[in-house]
Amino acid sequence: MKFEAILFDCDGVLVDSEPIANGVLRDMLEEAGWALTPDECMQIFVGKAVRNEAARIEAHTGRPLTDVWIDTFYARRNAELGQRLTAIEHIHGTIDRVHAHYGGRIACASGADRHKVEMQLAKVGLTPYFEGRVFSGHEMPATKPAPDVYLAAAAALQIAPARCAVVEDTVTGVTAGVAAGAMVFAYAPQDDGAALRAAGATQVFRSMADLPGLLGC
């Protein structure tokens, strides 16, 4: 299929942020009374907005999930990301090639808050490719797995969602891309991507170096 625009998730696709952010979350949940292993925390929360999991967190900690707690999490998370964040392997060459091939018709459509997304893009030197085309699920009626952020990105590029490819790495994100009507390419460097395929991903790949070829670049 010939695409007209490519829509990228951020965390786990452009930047290797998920282990860092989830490490901070795991520590704060343990401090609040809910002990999880790093793997358990990733399995429960990866690809999800922490605020949307309030009921689950409150059930395990016995405490209300307050705005102060969320703000503290964001501050601690951002501090760690600012110090330790790295780009996904091969992403710079891939984005440069895709950006050129599609005449700049790419966007970053994340379920995260805008400050985090823009801070991360700047940290790894990807801001120039996405300037003015960053979309946050926090600014939509609903964040992922709802399709809103991908629909907004496609509309801003004036491309029908069905003519867009979405690049994702989580079941939550794949679900959002499929619901938007796009074809989803799922990055799964650690496993066979069976759960991503089950969620509707058309193609699963293990290295970002392979993505341009899959997108016809």
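Which residues do ring pairs link into a cluster with Trp69? The cluster joins Trp69 to Phe73 and Tyr74, and point 4 comes back to it. Here are my notes, in the order I would go through the model with you.

1. **What we are looking at.** This is a predicted model, in which local features need pLDDT of at least 70 and side-chain atom pairs count only at pLDDT 80 or more, while totals for chains, interfaces and linings use all residues. Residues are numbered from 1 along each chain as its sequence is written, and side-chain values use heavy atoms, with hydrogens and water left out.

2. **Overall build.** The protein chain has 11 helices and six strands; these are DSSP runs numbered from the N terminus, with helices being H or I of at least four residues and strands being E of at least two. Its radius of gyration is 17 Å, close to the 17 Å that the globule rule gives for 217 residues, so the chain is as compact as a globular protein of that length. That radius is taken over C-alpha atoms, and the rule is 2.2 Å times the number of residues to the power 0.38. Along the principal axes, the C-alpha trace spans about 50 × 35 × 30 Å.

3. Of the 217 residues, 52% count as buried (under 20% relative accessible area; exposed is over 50%, partly exposed in between, with a 1.4 Å probe and protein chains only). Among contacts with a separation of 6 or more, 66% come from residues 24 or more positions apart; a contact means heavy atoms within 4.5 Å. There are 19 positive and 27 negative side chains, and the centres of the two sets lie 4 Å apart. Here Lys and Arg count as positive and Asp and Glu as negative, leaving out His and the chain ends, and each charge is placed at NZ of Lys, CZ of Arg, CG of Asp or CD of Glu.

4. **Aromatic pairs.** Rings of Phe, Tyr and Trp (its six-membered ring) pair if their centres lie within 6.5 Å; planes under 30 degrees apart count as stacked, over 60 as edge-to-face and the rest as tilted. By this rule the count comes to six aromatic pairs. Phe3 and Phe185 have ring centres 5.7 Å apart and planes at 80 degrees, so the pair is edge-to-face. This pair links distant parts of the chain, with Phe3 in the segment before strand E1 (5–8) and Phe185 in strand E5 (residues 183–187), 182 residues apart. Both partners are buried: Phe3 at 4% relative accessibility and Phe185 at 5%.

5. Thr172 sits in helix H9 (residues 171–180) and is buried, with a relative accessible area of 11%. Leaving aside residues up to four places away in sequence, Thr172 touches Val46, Gly47, Lys48, Lys144 and Pro145. Pro145 is in the loop between strand E3 (134–136) and H8. Other buried residues of H9 include Gly173, Val174 and Ala176, and the cover over the buried residues of H9 includes H8, E4, E5 and helix H10 (194–198).

6. **The H8–E4 loop.** Pro161 lies in the loop between helix H8 (148–157) and strand E4 (164–168) and is partly exposed, at 25% relative accessibility. Not counting residues up to four places away in sequence, Pro161 touches Leu151, Ala154, Ala180, Gly181 and Ala182. Gln158 is in the loop between H8 and E4 too, but is exposed, with a relative accessible area of 73%.

7. **Positive phi values to check.** Gln158 has a positive phi of about 60 degrees although it is not a glycine. His90, also a residue other than glycine, has phi near 75 degrees; it lies in the loop between helix H4 (67–84) and helix H5 (91–101) and is partly exposed, at 40% relative accessibility. Gly181, which follows H9, has a positive phi near 95 degrees.
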